[in-house]
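Here is a briefing on one protein model.

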Amino acid sequence: MGNNRTSIVPTAGGPAGQNPVTAMRQTGDIHWKDVPTRTLDVNGTSFAYRALGPDTGVPVIFLHHLMAVLDDWDPGVIDGIAAKRRVIAFDNRGVGASGGVVPHTIEEMGRDAIAFIRAMGLPQVDLLGFSLGGGVAQMVALQAPDLVRRIVLAGTGPRGGGGIDEVNKIAATAYLKAALTLKDPRHFLFFPRTPDGKRAAKEYFSRLKARTTDRDQPISLQARYAQLKAIRSAGLSVPDDLSVITQPVFVANGDHDLMVDSRLSADMARRLPNARLTIYPDSGHGGVFQHYRAFVPEVLAFLADDADLTPMHSQG
């Protein structure tokens, strides 16, 4: 792990039942705001998903954050990566339009993600997990290592990292501020309250509104409570042995993440034997959305077949 490098990067200001492979081939030139929502039966449970991008290479599976559904993915990130890679985003069990109920542990969420990937008929995938989705991505890599080629972990940390009680206080404060200002809590949780952060938040929420039809179902109360329970359980768990995750991993975060302390992302990168770390300046939990113009090219370079996968934390 001693050859890992740290980087602060400066940036410039389907229809149910349809064969999933056929569905992906039909979405190569469609943007995220227009791609159809499809469903796939996974062991008797209907999973909602969207797929877009070229039908070549290893697909990238997107795993989302706390209380998020398909419409909460930033089109700036999705469309940017789908310009070069096949992208598949889905609602895990009990989330949004998917059936079933959300489990109370990230281990079970990982098993559900594995079941979805296998039901799609995919022999190997790349993973991009944000926040809670990053924890689920780690579970997928630990439970089914042969299924995973490369991993992007954004705005997330290792299980057992601690600080979970402080996270709950921060979230509660953000929700109170959101209620008083009639704003989405992510204004306060994802972006710093600086001029640049406020501008980035405004642009982010504008991008999320681009899709006006066939929108996903909102997150349910059961899903909210179960995900919060899973996050708390993960925070209090015994740390995982991340040295067994030998796939190349790209870790990214903002330099002032209120939800997942940026130091936890750095700690995770140090414990992964084949990791590179990028910390985006003047940003928080949503740093990869605030700096998506830098993040997307980094992800594409990392996932490229001819990528230089030397573990690195380079100064930018």
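Helices (H or I, at least four residues) and strands (E, at least two) are DSSP runs, numbered from the N terminus. Leu228, for example, is found in helix α8, residues 221-236. The model is predicted: local features need pLDDT of at least 70, side-chain atom pairs count only at pLDDT 80 or more, and totals for chains, interfaces and linings use all residues. Residues are numbered from 1 along each chain as its sequence is written, and side-chain values use heavy atoms, with hydrogens and water left out.

**Salt bridges**

- A salt bridge is a side-chain nitrogen of Lys or Arg within 4 Å of a carboxyl oxygen of Asp or Glu. A search of the whole structure finds 18.
- Asp71 pairs with Arg215, with the closest N and O atoms 3.8 Å apart. The two sit 144 residues apart: Asp71 in the loop between β4 (60-63) and α2 (75-82), Arg215 in the loop between α7 (195-208) and α8.
- Asp71 is buried at 7%, whereas Arg215 is partly exposed at 42%.
- Asp72 bridges to Arg186, with the closest N and O atoms 3.0 Å apart. This pair also links distant parts of the chain, 114 residues apart: Asp72 is in the loop between β4 and α2, Arg186 in helix α6. Both residues are buried.
- Arg85 and Asp126 meet at 3.4 Å, N to O. Arg85 lies in the loop between α2 and β5 (87-90) and Asp126 in strand β6 (residues 125-130), so the bridge ties together parts 41 residues apart in sequence. Arg85 and Asp126 are both buried.
- Salt bridges with shared partners join Arg50, Asp71, Arg211, Asp214 and Arg215 into one network.

**Largest pocket**

- On a 1 Å grid over the protein atoms alone, a pocket is an open set of points where a 1.4 Å probe fits, with protein on both sides within 12 Å along at least five of seven lines; lining residues have an atom within 4 Å of a point.
- Grid points are joined across faces, edges and corners, and a volume is the space filled by probe spheres set on the points. The largest pocket has a volume of about 890 Å³.
- It is lined by 46 residues, of which Leu66, Ser131, Val167, Ile231 and Met259 are the closest to its centre.
- α4, α5 (164-181), α6 (186-189) and α8 each supply at least two lining residues. α5 gives the most, with 7.

**Helix α9**

- The buried residues of helix α9 (residues 262-271) are Ser262, Leu264, Ser265, Ala266, Met268 and Ala269.
- Their cover includes α4 (132-143), β7 (148-154), β8 (249-254) and β9 (275-280). Contact here means heavy atoms within 4.5 Å.

**Surface patch**

- Leu221, Tyr225 and Leu228 form a nonpolar surface patch, with about 340 Å² of accessible area together.
- Patch residues have over 30% relative accessible area and no salt bridge; nonpolar side chains (Val, Leu, Ile, Met, Phe, Trp, Tyr) are joined within 5 Å, like charges within 9 Å. Areas come from the Shrake-Rupley method with a 1.4 Å probe; for residues, only the protein chains shown count as cover.
- Leu228 is partly exposed, at 36% relative accessible area.

**Positive phi in loops**

- Asn43 is not a glycine, yet its phi is positive, near 55 degrees. Asn43 lies in the loop between β2 (38-42) and β3 (45-52), and is exposed at 72% relative accessibility.
- Leu182 also has a positive phi, near 60 degrees. Leu182 is in the loop between α5 and α6, and is exposed at 79% relative accessibility.

Conventions:
Buried means under 20% relative accessible area, exposed over 50%, partly exposed in between (1.4 Å probe, protein chains only).
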